[in-house]
Amino acid sequence: MSTIQHILVPTDGSEISFRAAAMAGDLARALKARVSIITVHDEQVVIPTAWSMVGMAMPDGSAFSTENVRSKIEETALAEELAAAADAVGELAEAPALINLWGYPADEICRYAKDSSTDLIVIGCYGRSGVARVLLGSVSNAVANSAPCAVTIVR
């Protein structure tokens, strides 16, 4: 059996993702593994966020741009959902890496897992069933079916 040295925890800021982070923290402490926490942003939120920021001055006085909006979204994620997930992980020998990614969540989670030599993904699941799963899809299900490593789904 291989040793688990790197645990990946995707978060969307939900309570179930924080429960997954807490479980990942317990596993990381027991296994002396490092943890990375990621959140994946959808490009489709950039334009609505930009419209809500029209007329607001950028803190550094720079021109208003989609890159500034993307940076603001990433800063907010670092301060909010990524920080909350890190709190849920708890104390570790090495602080978790906090990472913002852009794209389709399941694809980016699996790509990051492969690129970072992740041994285990611990992900929350909303537990949708039936029509809701067909219409809305399931990131955790897609990750479980495509990940390059073991996946633990937390309910």
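Q: Let's say buried means under 20% relative accessible area, exposed over 50%, and partly exposed in between (1.4 Å probe, protein chains only). Is Ser116 buried or exposed?

A: Ser116 has a relative accessible area of 14%, which means it's buried. One thing before we go on: this is a predicted model, where local features need pLDDT of at least 70 and side-chain atom pairs count only at pLDDT 80 or more, while totals for chains, interfaces and linings use all residues. Residues are numbered from 1 along each chain as its sequence is written, and side-chain values use heavy atoms, leaving out hydrogens and water.

Q: How much of the protein do buried residues make up?

A: Of the 155 residues in the protein, 41% are buried.

Q: How many helices and strands does the protein have?

A: Helices (H or I, at least four residues) and strands (E, at least two) are DSSP runs, numbered from the N terminus. Here you'll find seven helices and five strands. Walk along the sequence and the pattern reads β-α-β-α-α-α-β-α-β-α-α-β.

Q: What share of the contacts comes from residues 24 or more positions apart?

A: A contact means heavy atoms within 4.5 Å. Take the contacts with a separation of 6 or more: 76% of them are between residues 24 or more positions apart.

Q: Back to Ser116. Where does it lie, and which residues does it touch?

A: Ser116 sits in the loop between H5 and strand E4 (120–124). Setting aside residues up to four places away in sequence, Ser116 touches His6 and Arg34. Its side chain also makes a polar contact with the side chain of Thr118, at 2.9 Å. A polar contact is a pair of N or O atoms within 3.5 Å; within protein, one must be able to donate a hydrogen and the other to accept it, and residues adjacent in sequence count only if both atoms are side-chain atoms.

Q: With which side chain does Ser140 make a polar contact?

A: That would be the side chain of Ser138, at 3.3 Å. Ser140 belongs to helix H7 (residues 139–146), and with 5% relative accessibility it counts as buried. Ignoring neighbours within four places in sequence, Ser140 is in contact with Ile123, Gly124, Cys125 and Ile153.

Q: How many salt bridges does a search of the whole structure find?

A: Look for a side-chain nitrogen of Lys or Arg within 4 Å of a carboxyl oxygen of Asp or Glu. The search turns up five salt bridges. One of them joins Arg29 to Asp26, with the closest N and O atoms 2.9 Å apart.

Q: Where are Arg29 and Asp26 in helix H1?

A: They are three residues apart in H1 (residues 15–31), which means about one helical turn separates Arg29 from Asp26. Arg29 is partly exposed, its relative accessible area being 36%.

Q: Which residue forms a salt bridge with Arg111?

A: Asp115 does, and the closest N and O atoms are 3.0 Å apart. Both residues lie in helix H5 (residues 105–115), four residues apart, or about one turn of the helix. Arg111 is partly exposed at 37% relative accessible area, whereas Asp115 reaches 53% relative accessibility and counts as exposed.

Q: Which residues are linked in a network of salt bridges?

A: Glu43, Glu67 and Arg70. Arg70 and Glu67 are both in helix H3 (residues 66–79), three residues apart, about one turn of the helix. Arg70 has a relative accessible area of 19%, so it is buried.

Q: At what angle do the axes of H1 and helix H4 cross?

A: Axes are lines fitted to C-alpha atoms, for helices over the stretch in contact, and angles run from 0 to 180 degrees between N-to-C directions. The axes of H1 and H4 (residues 81–89) come within 7 Å and cross at roughly 45°. The contact is made by Phe18, Ala21, Ala22, Gly25 and Arg29 of H1 with Glu81, Ala84, Ala85, Ala88 and Val89 of H4. The two helices, H1 and H4, are therefore oblique to each other. Angles under 35 degrees count as roughly parallel, over 145 as roughly antiparallel, 65 to 115 as roughly perpendicular and the rest as oblique.
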